[in-house]
Each structure stands twice: as structure tokens, then as C-alpha cells.
Amino acid sequence: MHALIQFFGDNAHLLLSKTGEHMELSLASIGVAMALSIPLGVWLGHLHRGSFVAINVSNIGRALPSLAVISLGIAFLGIGFTNTMVALVILAGPVMLTNAYVAVSEVDADAVQAARAMGMHPWQVLLRVELPLATPLLFAGIRTGTVYVIATATLATFAGGGGLGDIIANEASYGVAGVVAASITIAALAFAVDGLLALLQRLITPSPLRHRADSTRTAASVTDLSLGAS
Amino acid sequence: MSIGLPIAAAAPVIPKFGHASECVVANHQFCGSWFVDNFSSRFLPPLLVHIELTAIAVGVGLPISFAAALLARHYHWFETGFSLFAAFLYTWPALAFFVIMVQITGINRFTAEIALVSYTLLILFRNILTGLQGVPPDAVEAARAMGYTQRQTLLRVELPLALPPIVAGIRIATVTIISVATVAAYIGAGGLGSLIFDAIGTGFKTEFIGAGGLAVLLALAADGLLVGLQRAMTPWARRSIAR
Amino acid sequence: MLDRTNRRRPTRAATRYLWSILLVAAAVVVLAACGGSSSSSSAASGGSSSGGTSSSGGSSSSLPGKGKPALTLGTKNFTEELIIGELYKQYLQHEGYTINYKPNIGSTEIVDKALTSGQIDAYPEYLGESFSTVFTNHKVVKSAQDEYNTVKKEYAKRGQSMSDFTPFEDTDTVAVLKSYAQAHDLHSIGDLKKVGTFTYGAQPPTLTRFEGVVGLKKLYGLTKLQFKPLAVGLQYQALDAHNVDTADAFSTDPQLLSGKYVVLSDPKHLFGFQNVALVINTKKLKQLGGATFLKLIDKVNALLTQHSMIALNKAVAIDKQTPSAVASAFLKANGLT
């Protein structure tokens with residue numbers, strides 16, 4: 001324990017720079033994944049089209065072995081930042097897409113119908129009714145994907161992508177204290193970002209909807225959802 | 001040249017080791033014929049080891065999770081503790097878990113198996129528990145009313161009704177273990193990951209694609225098989241249950 | 001309700017039943033692990049299937065290895081070590097020894113720890129690595145023999161012995177793309193001072209080694225060096241892709257034969273002399289026959305000249321033969337098996 005605290009103290013600079021690399025990679029991957037998956041999932045859910053693909057793509061995404069995807073990435077894209085980012089996008093995108101799809105398509109049909117009956121244009125239905133109601137599940141997918149990316153970015157060390165994995169894969173130089181320190185940092189980052197997203201979710205969710213039971217859905221319970229959906 | 005050993009009277013014979021095709025030497029994207037020629041000697045054994053690792057992890061994790069879930073039904077502290085541990089393990093990088101365990105139990109497959117079983121546990125425990133908790137109390141009451149003992153109730157009523165999330169859990173666990181097992185190669189567990197680390201050492205693109213591709217195919221095949229199993233075992237549960 | 005009351009008060013029998021399931025399952029874990037670890041890690045190097053029991057050749061009944069306890073032989077995690085390990089393993093097996101082969105363990109620090117903790121009995125080590133990394137000497141030595149003598153004494157204090165060392169040596173070198181060397185007029189490592197800030201790619205442990213980044217900064221004054229960790233083997237790809245300016249290359253790497261790269265000279269001998277010798281726990285050595293055993297190792301070592309080692313490396317790294325096949329062919333061609 002003492003060695004651990006000492007490691008944090010002696011190597012603050014190293015940890016900081018590695019954390020920077022780690023977060024740079026993670027955030028870029030999360031950003032791209034969201035940009036690709038969320039609009040697509042929301043749009044498909046709104047149209048109630050492509051349900052088979054949209055729901056099952058997350059199963060495939062979850063099944064992909066992360067190191068294997070990185071391995072394929074190295075073969076096609078070489079080593080470095082890009083390859084690892086692409087791999088992480090492939091790994092995290094699907095769960096975001098599926099959640100976005102299910103979130104929007106499972107919105108209470110009555111609410112949607114009522115909105116249409118009031119004469120709302122499809123865009124307005126999406127923006128004013130479906131999306132707000134879909135927020136909890138949508139965010140659950142984003143949070144699951146985010147935590148997954150931050151934890152998996154550890155493997156970037158094998159593809160020359162840097163990050164805290166460099167410390168973990170190098171027990172020879174940094175000792176167990178270093179490995180534990182880096183791991184704690186990663187776990188802390190994951191929890192912190194997840195917490196921030198939860199906060200953001202609360203802020204975005206319109207107040208009447210904030211106290212609904214399923215707005216407390218955690219990332220883990222999304223697993224239940226995809227169980228049922230298969 | 002140094003003095004260590006008397007230089008042999010004649011220089012050592014260097015046999016013809018056999019040249020690889022131009023594709024391999026130049027490290028083109030994928031050398032199909034090399035892959036096919038070397039499949040059974042280089043790729044198949046690690047693939048089998050990988051399957052073995054997964055099978056052992058899930059095979060051992062299942063009864064332990066089951067017993068743990070049954071215990072958790074009676075002792076609530078067990079469930080909370082276990083769930084906390086599970087949440088913790090999900091954010092802890094798998095690589096670090098392996099590296100730390102090596103300090104305790106050494107660099108071998110046993111260490112890897114312990115870690116893999118742990119991952120199986122945290123997935124299966126939750127699913128089995130959720131499944132058992134999701135059984136309608138009416139069904140249990142009816143069974144008790146008919147005179148079933150606790151064990152009979154469990155085996156004949158609760159388990160069958162809890163099957164969907166349990167089988168789904170086995171599926172998720174299997175796929176997760178296949179993924180984590182590739183990383184386990186880092187501490188000497190063998191399997192397809194060892195080929196990937198080999199490839200990292202040589203930059204051989206065909207090996208990257210071969211090993212990575214095989215791991216992906218293995219995972220998808222396992223997933224597909226288990227989906228089929230899930231559907232076959234629970235025809236009455238096609239519609240989603242947990243919301 | 002019947003159900004709830006029952007849940008809150010499990011019968012003694014039920015609880016005992018549950019705990020016994022847990023115990024049985026735990027026992028299964030242990031059994032599976034024992035079964036698993038005995039079919040050990042020889043598959044780790046991608047396909048070599050000789051899992052480590054007795055010999056294939058040897059007609060005479062008085063094979064030196066017969067009746068001796070098993071030797072656990074480890075290697076580090078790169079091609080050259082894997083080849084040397086296979087050479088030792090196959091020849092020893094031919095001479096009747098039982099070998100538990102544990103290749104691909106890790107870097108110097110990790111393998112040395114495996115040695116001192118008894119997880120392995122022996123492994124091939126480079127003199128300079130022993131001198132500088134294992135025993136943390138930061139002096140510069142004058143010859144391989146000097147280095148060997150120093151290191152042998154230090155190992156003896158720890159209870160380990162050494163074979164004689166190979167004719168070839170494989171030092172770390174600083175390699176750059178030819179174009180880079182020409183652009184900056186680089187011939188020796190010290191010339192890198194002219195460049196100012198530059199990146200140096202090497203495996204992670206290099207960062208804290210004297211025969212690594214520490215020495216490059218101290219001995220050659222390359223304070224503006226920026227370290228970029230690379231898994232072993234990625235350095236040539238990294239150079240080609242301009243991800244790093246300079247990289248740590250091994251002097252017997254066959255990639256260096258291609259002409260694309262320039263190796264900067266090391267006039268201050270920072271990277272020492274890197275011939276290979278087998279390091280083995282003395283107690284185990286005695287059990288295996290002491291000097292007789294070492295003579296066998298020396299027979300293999302004598303064959304490893306600079307020329308032959310590079311050829312062996314090339315066969316594995318470039319022509320993608322397995323270390324096992326290459327070692328086998330080499331031993332046969334030289335009459336050892």
C-alpha cells in the first residue's frame with residue numbers, strides 16, 4: 001500500500017502524460033463512435049426500420065475479441081493512434097447503435113401517435129417527443145460504450161498507441177505498484193466519465209421525466225435488455 | 001569476435017532452411033497459400049488451446065456461479081458484495097488483472113484460468129440470480145402447494161423458468177472469455193493471443209490477420225451456436241422478458 | 001406467504017448442500033488447472049508441439065541425461081532467444097534429458113525473477129544484460145571476457161552458474177532509416193546530439209535501463225531524447241512509418257541486411273558485449289551432471305557464430321520458419337542430432 005502511494009508521488013508526471021494519451025485516444029474513439037452510431041440508430045428507430053440488424057449488431061460488437069480487432073487493425077492500418085482508434089470504434093459503436101435504436105423505437109407508441117395527431121411534423125415528433133423519452137436508454141448505451149472504450153484502450157500499448165497500458169504491460173520497470181496505480185487510474189477515469197455522463201443525462205432529461213424508474217438504468221442493466229432482445 | 005570458445009575448426013554448417021514465397025518475405029497484406037499450408041501446424045494448435053481455455057473457464061464458472069446465486073438468494077449480503085466486486089472488475093483492465101495475478105501464482109495457464117473463471121463468475125452469477133429472481137412467485141407457490149420439496153421446486157420449476165437469462169448469460173460469458181483469453185496469452189496461457197503477440201514481434205501481416213480473424217470467427221461461431229441453443233431451449237420465451 | 005418464509009429460513013440440509021456444491025466446483029477448478037498446466041506452454045510459440053518429454057534419438061544406452069531430473073528451461077520473448085532455446089532443448093532431449101520448456105516469458109527483468117524464484121532453472125542470457133540490467137553495473141567494460149568474468153562471479157554469489165559464451169554477440173544498436181542518417185549526417189550515436197529533439201522507440205523496460213535510455217542520456221549526452229515505448233518487434237514498422245526517428249535494433253536482426261536502415265556505431269561501448277551464455281541454478285546443474293551437462297551446452301554455443309546466428313534469425317523472422325524447425329535443421333546439419 002505504501003509502495004502504491006509512493007508510486008503515485010514519484011511518477012505523477014508519467015501518470016499524467018500517460019493519462020493524457022489514454023484519454024485522447026478514448027475520447028476520440030468515443031466521439032467517432034457516437035457520431036457514427038447515434039444518428040443512425042436514432043434514425044432507424046424513428047422509422048422502425050432495420051430492426052434485425054440494429055438489434056443484433058450489438059451482439060456482434062460485444063462478441064468481437066478486442067485484441068483480435070486490434071490485431072486486424074495493425075495488419076491493415078499499421079501501428080499507432082489511428083489503428084487503435086478504429087478498433088475501439090468498431091468495438092464500442094455497436095452497443096451505442098443498438099441502444100439508440102431500441103431507445104427510440106420503443107418509445108411509448110401512444111405518445112408518438114398523440115404527437116402526430118396534434119399535427120407535428122415527423123422531425124418535430126423525433127425532437128420533441130421521441131428523443132426526450134429515449135434519453136435514459138440512449139445514455140445507457142453511451143455510458144456502456146464509454147466505459148468499455150476506456151478500459152479497452154489499455155490494449156493500445158500493443159499497437160503502439162500509448163496510454164496507461166504502457167505502464168501495465170511493463171511490470172518489469174514499474175513494479176506491481178505501477179500496474180496497480182495505472183489500473184486504479186483507468187478505473188477512476190471510467191467512473192468519472194460515467195458519472196459526468198450521468199450528470200449530463202439528468203440535465204438533458206426534461207424535468208417531468210427525470211423521476212421515471214428507468215432513468216436510473218445503469219450500464220449493466222443494458223445487458224438484461226439485450227438478453228431480452230435476442 | 002570474442003575469446004569465449006575455441007572457434008570450431010570448420011565454420012558451422014548452415015543448412016538451407018527453405019525460403020518463403022515472395023509474398024511472405026515482402027510481408028504483403030495476406031499470403032493465402034502460406035496460411036493454408038501452415039494452418040494445421042501453426043494456427044490449429046493455438047486455436048484448440050483457446051477453445052480449451054474457454055471451455056474450462058465456463059465449465060468451472062457455471063457450477064460456482066450457480067451455487068453462489070443460490071446462496072445469494074438466502075443471504076443478501078452475499079449478493080451486494082458480489083455485485084460490487086463485479087462492477088469493480090469490469091472497469092479494471094483485464095491485462096492488469098493478469099499481470100497482478102502472475103505475482104501471486106506465477107506465469108502459467110493456471111493463473112490465466114483463475115482470472116478467466118473470475119470473469120465468468122461475475123457474468124453468470126448476475127444472470128443466474130436475475131433469472132431465479134424473475135421466476136413468478138405464483139409458480140413457486142403452486143409447486144410448493146403440490147408438495148414439491150425445495151430441491152424439486154428448484155429443479156423442476158424455477159430453473160426451467162429461469163433458463164432464458166441463464167443461457168443468455170452463458171452466451172455472454174463464453175464470448176467475453178474468448179476475448180479476454182486472447183489477452184491471457186500475454187502471461188503464457190497460449191491460445192490465439194500468443195499468435196497475435198508473435199505477430200507483434202515480427203510484424204507478419206498474414207499472422208495478424210490469421211490469428212485475429214480466427215479469434216473473431218471463433219467468437220462469432222460460439223455466439224451463433226449459443227443463440228441457437230438459447231432459442232431451442234426456450235421456445236416459450238421468444239418475446240423479451242426483462243424490461 | 002409460503003414462499004417468502006421458506007426463503008428466509010433455509011434448512012440446514014439445503015445450506016450444506018449449497019456449500020458442498022461450491023466446494024466440489026472449487027475442487028474441479030484445481031483439477032482442471034493441474035490438467036491444464038501440465039499440458040504446458042510449448043504451444044505459446046505458435047505450433048511447436050514437442051511438449052517436453054524424453055528423447056527422440058540416441059542409440060547408446062548411456063545417454064548423459066538418462067535418469068536425471070527434469071530441467072525447466074525458459075527463454076525471453078524475442079526470436080533469437082526462442083531459437084537458442086529450441087537449440088538447447090532439442091539437443092538436450094537428444095542426449096536423454098527431460099526438458100520442461102517455457103519459452104516467451106518476458107524481458108530480462110521478468111525472466112531473471114523467474115530464475116531466482118525457482119519458476120525456471122535456466123535460460124540463455126546476454127553478458128551485457130547480466131552485467132548492466134541484472135547486476136546494475138554501470139561501468140564500461142573493455143572486453144567480452146572481462147564482462148564474462150565479472151558476471152560469472154556475481155551469479156556465483158547468487159547460486160547460479162554459467163556455460164561458456166557464444167562466438168556471436170547481439171548488441172542493442174540505435175538504428176535509423178538510411179534517409180534520416182543521410183539527412184542529418186549521422187554515423188555514431190553521439191552524432192544524434194546534432195539533431196536536437198528526436199524520438200527513440202524501444203521496448204518499455206529500456207526506459208529505465210542504463211544499457212538503454214538512461215545510458216544514452218548520461219553517456220552520450222542525448223538529453224533531448226524522447227522515448228516512445230514499442231512492443232518488441234514493432235521497431236522496424238515504426239521506423240518505416242516514420243512513427244519514430246530512431247529505434248532500438250538488435251545487431252543480429254535480419255532486417256538490418258535489407259539496406260534500408262543504418263546502424264549508428266557505439267564507440268563508448270554503452271551496450272556492452274552481448275554474447276550469450278546459459279545461466280543455470282547451481283543446485284540443478286549439479287543434479288544434471290555438472291561439467292558434463294555444461295559441455296553439451298558449449299557444443300551448441302560453439303556453433304553460433306555471427307554468420308550462423310543471422311542466418312538462423314533470417315529463417316525465422318523473414319522466411320517465417322518456426323524456431324523449432326530451424327533449430328532442428330541446424331542441429332542435424334551440424335551432426336549434433
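Predicted model: local features only at pLDDT ≥ 70, side-chain atom pairs only at ≥ 80, totals over all residues.
First, some housekeeping. Local features here need pLDDT of at least 70 and side-chain atom pairs count only at pLDDT 80 or more, while totals for chains, interfaces and linings use all residues. Residues are numbered from 1 along each chain as its sequence is written, chains are lettered from A and ligands numbered from 1 in the order written, and side-chain values use heavy atoms, with hydrogens and water left out.

**Chain C overall**

Chain C carries 13 helices and ten strands; these are DSSP runs numbered from the N terminus, H or I over at least four residues for helices and E over at least two for strands. Of its 337 residues, 57% count as buried, where buried is under 20% relative accessible area, exposed is over 50% and partly exposed is in between, using a 1.4 Å probe and protein chains only. Contact means heavy atoms within 4.5 Å. Among the contacts in chain C with a separation of 6 or more, 76% link residues 24 or more positions apart.

**A helix tucked inside**

How many of the eight residues of helix α5 of chain C are buried? Eight of the eight are, so this helix (residues 127–134) is largely enclosed by the rest of the structure. The buried set includes C:Gly128, C:Glu129, C:Phe131 and C:Val134. What covers them includes helices α4 (108–116), α6 (144–158) and α8 (210–219) of chain C, along with strands β3 (122–126), β4 (160–162) and β5 (172–177).

Just after α5(C) comes C:Thr136 with a positive phi. Most residues other than glycine have a negative phi. C:Asn104 is another non-glycine with a positive value. Here are the two of them:

| Residue | Phi | Loop in chain C |
|---|---|---|
| C:Asn104 | about 65° | between β2 (99–102) and α4 |
| C:Thr136 | about 45° | between α5 and α6 |

At 24% relative accessibility, C:Asn104 counts as partly exposed.

**Where chain C meets chain A**

The two chains bury about 980 Å² between them, with 56% of that on carbon and sulfur atoms; buried area is the accessible area (1.4 Å probe) that two parts lose on being put together, summed over both. Chain C puts 15 residues into the contact and chain A eleven. On the chain C side, C:Pro204, C:Pro229 and C:Leu234 supply 33% of the area that chain C buries against chain A, more than any other three residues.

There is one salt bridge between these chains, meaning a side-chain nitrogen of Lys or Arg within 4 Å of a carboxyl oxygen of Asp or Glu. It pairs A:Glu171 with C:Lys113, at 3.4 Å from N to O.

**Two spots in chain B**

Helices α6 (residues 137–145) and α7 (residues 150–184) of chain B pack at about 150°, with axes 10 Å apart. Axes are lines fitted to C-alpha atoms, for helices over the stretch in contact, and angles run from 0 to 180 degrees between N-to-C directions. Residues that meet include B:Ala139 and B:Val140 from α6(B), and B:Val157 and B:Leu161 from α7(B).

Elsewhere in chain B, B:Thr111 lies in helix α5 (residues 109–133). Is B:Thr111 buried or exposed? B:Thr111 is buried, with a relative accessible area of 0%. Leaving aside neighbours within four places in sequence, B:Thr111 is in contact with B:Met101, B:Val102, B:Thr105, B:Gly106 and B:Ile187.
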